[in-house]
Amino acid sequence: MAEQKKIEKTALRDVVAVLYITKDNAEFVKDNDFVAMTLTAPNDEGTMETKTYDRIFLHRAFPFDYPYAYISVLDADSKELGLIANVDDLDKEAAEMLRQELDRKYYTPVIKQILSLKDKFGFSYWKVMTDEGELSFTLRDTFQSLMKVGGTRIFVNDIDGNRYEIPNIEELDRKSFRKIELFL
Amino acid sequence: MTDKQWYFDPGNPSSVPPQLLPVLDEKGIPQDHIKLCFASDLNRDMIRCENYVLCTDSDIIVISGSMTLTKKVQSRLSTKNPLQRQFEVLTYDCFDLADLSGFRIEEQIASARFTAKDKDGHHVLISNLSNTYKADFNTASRYLGQLKENGEIKVDDEKRENWHDRAFCPKCGSKYIDEERKLCPKCMDKNKVIRRTGEFILKYKVSIVIMIAMLIMTGALGVISPYISSGFYYDEVLNENGQFFGAIKMVLGIIIGMRIFSLIINMFHNIVTSKIAARLVYDLKKVIFSSIERLSLSFFTNRQTGGLMTQVTRDANTIYWFFCDGVPYFLVNIVQIIAIITIMLFMNPLLTLLSLVTAPIVFIAIRLLFDHMGKYHAKRWTRSRQMNSILSDVLTGMRVVKAFSKEKDEITRFGKSSEAMAEAEKNASVFSTAAFPSVNLLFYISNLIVLGFGGWAVIQGKMTYGTLLVFTSYMNMIYSPMYSFVNMVYECTDSLNAMSRLIEIMDAKPDVVEAENPVHIAECSGKVEFKNVDFSYDKNRKVIDNVSFTVEPGEALGIVGHTGAGKSTLANLLIRLYEVDSGEIRIDDVNVKDLAMDDLRRNVAIVSQETYLFVGTILDNIRYAKPDATEEEVIEAAKIAGAHDFIIKLPDAYSTMIGFGYKDLSGGERQRVSIARALLRNPKILILDEATAAMDTETERKIQEALEKLSKGRTTITIAHRLSTLRDADKLIVIENGKVPEAGTHLELINKKGIYYNLYRLQLEAMKNIGIEE
């Protein structure tokens with residue numbers, strides 16, 4: 001009887017190397033109003049190389065679930081330099097800097113209260129109280145403009161392409177909820 | 001802040017908001033030095049406030065701040081005396097214009113950054129903005145570029161006017177909420193909507209007049225018959241003192257006669273209604289559909305096409321209902337009620353007032369009831385929509401569900417949704433079974449009032465028994481249409497919405513319009529020229545950036561590039577599905593904009609990536625482009641396209657029904673049918689946009705050989721990312737990020753060792769790896 005040799009199957013990570021950016025291989029500094037990064041990583045030929053990017057772009061891989069984890073770091077030509085597993089694992093100072101940069105990029109006023117909501121000729125006109133103060137905006141096709149994430153979280157996309165967030169629809173006050181209820 | 005938005009006007013760039021003047025004064029900047037000024041709502045620190053970017057000849061100044069007065073005071077002051085508003089400066093930044101270049105709007109998720117580069121090439125943040133101001137800042141960054149380059153800003157007057165027309169309502173001057181949808185909610189008054197639709201309906205005025213006349217007759221009979229059968233019968237026929245005492249037979253005769261008469265009118269009315277209904281709905285749909293067909297493709301990319309057609313159908317029905325059912329019924333009921341009340345007042349004024357006491361209460365109660373009902377219904381509707389979407393999702397993806405054995409999870413998912421739907425349904429029915437009888441109770445109260453007071457009056461001898469009977473039956477006639485009145489309020493809003501959508505579609509102007517005196521070319525020579533063509537689907541991202549190339553008659557051009565580089569867009573621009581932003585596309589030295597649409601599309605045929613086949617036979621589909629083609633021609637075209645062989649193997653050959661619900665062709669087969677369709681048109685210019693991508697290499701080669709033979713005297717433009725597809729091209733252009741970095745023959749490009757060389761090398765290596773060498 002031929003002896004069956006058990007072959008260990010190749011894991012995905014053996015094939016693809018995802019470069020994680022950590023405090024050991026990267027350094028972040030402020031450059032003008034943006035974040036610059038010095039990264040030591042293998043280049044195309046496979047040798048280690050230290051390079052400074054005077055501006056990096058951050059992109060959330062799972063924006064709704066992990067606002068500060070799985071952050072893709074891109075250079076000015078939108079080429080991915082690596083992933084940050086969790087911003088908070090970096091130095092305190094760097095983490096702060098990146099958190100701010102991310103917050104600014106993903107600027108989304110949080111709706112606390114719906115002051116008025118009128119539906120007219122296929123547009124709906126909203127006046128809301130947000131953490132940024134009172135704002136008003138317009139939606140085209142209200143039903144389509146509300147994006148529901150995970151049951152109770154709602155993103156509102158207005159006609160200009162701005163975005164607002166209702167973190168938990170069930171926590172809205174009764175009056176506000178009544179106004180939005182019809183469109184859910 | 002958002003109530004009174006201040007918009008940047010490119011025609012009047014020096015208009016500086018008055019609240020900034022003291023700030024400028026303080027810094028020693030004269031107002032007339034300001035060349036540009038535009039506003040945004042996020043400052044450099046991403047704080048929401050009033051933010052202004054100003055520009056002089058030498059500097060860019062960014063001021064942010066906010067009004068310190070309370071909102072109440074502010075609104076009182078703002079319009080009359082704007083200087084009284086106090087502007088508190090938050091930040092003040094100044095940049096040397098000479099140091100900056102490369103102004104750019106960087107899009108973020110829901111906001112944007114206005115950036116530039118300094119002398120050392122480092123990025124500089126000038127300002128932040130929400131997407132509301134993105135268009136303004138795009139213009140601004142263009143002007144800044146001009147200012148830096150030429151020392152002045154050139155505001156193109158024509159463009160400025162267009163810009164103004166595009167963004168502002170011509171009537172009231174306020175900014176459209178949506179530039180794509182020129183609808184100003186201020187100026188869109190309901191009367192106008194009803195009038196415009198009314199004009200459309202007026203085509204059927206004869207039928208509508210007949211309908212209303214018959215409704216009035218039915219109404220009149222409705223008013224008279226209770227009087228005859230109760231009041232008149234008791235007081236005049238059964239009463240010894242009555243004028244017609246004992247004439248029972250006569251009264252019965254009259255009642256029967258009236259019944260029969262009203263039956264006939266009713267039947268006639270129904271016949272007229274159904275005729276006009278079918279006709280009207282058909283006409284409405286036709287009008288909407290033909291308006292839609294007329295519009296350019298960009299209209300459809302801006303909204304969900306799927307929803308459009310169902311919307312059309314629904315809207316047509318809603319409008320029909322409003323004009324042919326709702327309005328006449330409403331009018332007749334109103335007339336009837338007025339008539340009844342007059343008669344009642346005539347018979348007994350006091351009792352009339354008593355019987356109407358509860359009417360307003362009933363009306364309000366019903367209104368409240370419907371409001372609540374509406375919410376329940378909306379909830380039920382959304383949930384059923386959700387349930388249906390899950391259902392269709394799973395049914396279409398059944399293969400995947402089974403492959404990952406997720407059946408149980410899907411059953412749970414569907415179960416949950418179905419349960420939610422059932423819950424909503426239950427709530428709605430519980431509410432309606434409880435609420436409607438309660439409202440009906442109110443009816444009875446008014447009935448009791450009449451019975452009580454009326455009875456008392458009869459006993460007192462102040463009123464006859466017959467009058468009381470007439471009163472009670474009239475009472476029901478007043479109260480029973482109440483539901484439909486309230487319903488009318490809701491249906492009215494619905495149909496107004498439907499009508500405004502209808503008018504919007506009818507009024508929408510296509511942006512690709514045939515020139516007024518188009519140039520006619522029966523058959524062009526086939527020369528194609530792109531001259532500095534720019535194009536973008538939305539204002540912000542250029543898809544085609546300054547592209548120029550020429551294809552001589554009879555030449556074969558190959559276009560190579562990565563996915564999403566803009567290859568297909570070039571083809572769409574050539575056949576003018578979209579209009580170029582700037583630059584020219586010429587065919588035989590005539591700008592395609594000046595060319596007659598028919599001539600353009602006859603001379604140019606395209607086989608695109610997305611092959612769409614209509615429901616019908618294969619023959620119909622091939623013949624689509626040329627309905628008068630003979631069967632021989634069809635077979636010839638199919639042969640060249642390599643479609644004949646597989647078609648002939650089908651049981652019904654060319655008569656095989658394909659499309660939705662019928663036989664499904666494979667990707668490659670569909671492509672072959674669409675190539676045949678394009679060939680049948682016998683165009684001078686043939687565009688193959690990845691037309692053979694879904695076929696195996698052997699079939700592709702066969703078709704290419706046939707096309708090669710056909711290409712004599714014909715210009716062919718082939719778009720492909722498989723380089724082997726382009727082996728016969730006379731000339732190649734490489735497109736990357738909307739630009740053409742490389743152009744030339746295969747050999748030239750190989751020697752250049754650029755992008756094409758790399759692509760070629762990669763594909764060649766792939767071949768070598770499997771043991772094929774060229």
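The legends below describe close-up views of a predicted model.

**View 1. Chain A as a whole.**
Chain A contains four helices and 12 strands. Of its 184 residues, 41% are buried. Among the contacts in chain A with a separation of 6 or more, 32% are between residues 24 or more positions apart. The accessible surface of chain A is about 11000 Å². Carbon and sulfur atoms contribute 48% of that surface.

**View 2. A three-stranded open sheet in chain A, with antiparallel pairing.**
The strand order of this sheet is 1-2-3. Strand 1 (26-31) and strand 3 (48-53) of chain A are the edge strands; each has a single partner strand, so one side of each is left without a neighbour in the sheet. On average, neighbouring strands of the sheet are turned by 15° against each other, direction ignored. Strands of a sheet pair through backbone hydrogen bonds, in either a parallel or an antiparallel arrangement.

Six bridges join strand 2 (residues 34-42) of chain A to strand 3 of chain A in the antiparallel sense. A:T40 has A:T50, in strand 3 of chain A, as its bridge partner. Helix 2 (residues 92-105) of chain A packs on the sheet and touches strand 1 and strand 2 of chain A. The direction of helix 2 makes about 60° with that of strand 1 of chain A.

**View 3. A salt-bridge network with residues from chains A and B.**
A:D33, B:R44 and B:D93 are linked by salt bridges into a network. Over all chains, a search of the whole structure finds 29 salt bridges. Side chains of opposite charge can pair when their charged atoms come close.

**View 4. The salt bridge between B:R380 and B:E425.**
The two side chains meet at 3.4 Å, N to O. B:R380 belongs to helix 11 (residues 359-396) of chain B and B:E425 to helix 13 (residues 407-460) of chain B, so the pair ties together parts that are 45 residues apart in sequence. B:R380 is partly exposed, at 25% relative accessibility. B:E425 is also partly exposed, and its relative accessible area is 32%.

**View 5. The salt bridge between B:D545 and B:K739.**
The closest N and O atoms of this pair are 3.3 Å apart. The pair links distant parts of the chain, with B:D545 in strand 9 (residues 544-551) of chain B and B:K739 in strand 19 (residues 739-744) of chain B, 194 residues apart. B:D545 has a relative accessibility of 18% and therefore counts as buried, the cut-off being under 20%. B:K739 is partly exposed, with a relative accessible area of 45%.

B:N591 lies in strand 12 (residues 590-591) of chain B. This asparagine is buried, with a relative accessible area of 14%. Leaving out residues up to four places away in sequence, B:N591 touches B:E584, B:I585 and B:R586. Of these contacts, B:R586 and B:E584 form a salt bridge through their side chains (2.6 Å, N to O). B:E584 counts as partly exposed, at 25% relative accessibility.

Conventions. Residues numbered from 1 in each chain as written. Chains lettered and ligands numbered in written order. Predicted model: local features only at pLDDT ≥ 70, side-chain atom pairs only at ≥ 80, totals over all residues. Heavy atoms only, no water. Salt bridge = Lys/Arg side-chain N within 4 Å of Asp/Glu carboxyl O. Helix = DSSP H or I, 4+ residues; strand = E, 2+ residues; numbered from the N terminus. Buried < 20%, exposed > 50% of the residue type's maximum accessible area, 1.4 Å probe, protein only. Contact = heavy atoms within 4.5 Å. Pairing = 2+ DSSP bridges. Axes fitted to C-alpha atoms, helices over the stretch in contact; angles between N-to-C directions. Areas by Shrake-Rupley, 256 points an atom, 1.4 Å probe, with all protein chains shown as cover.
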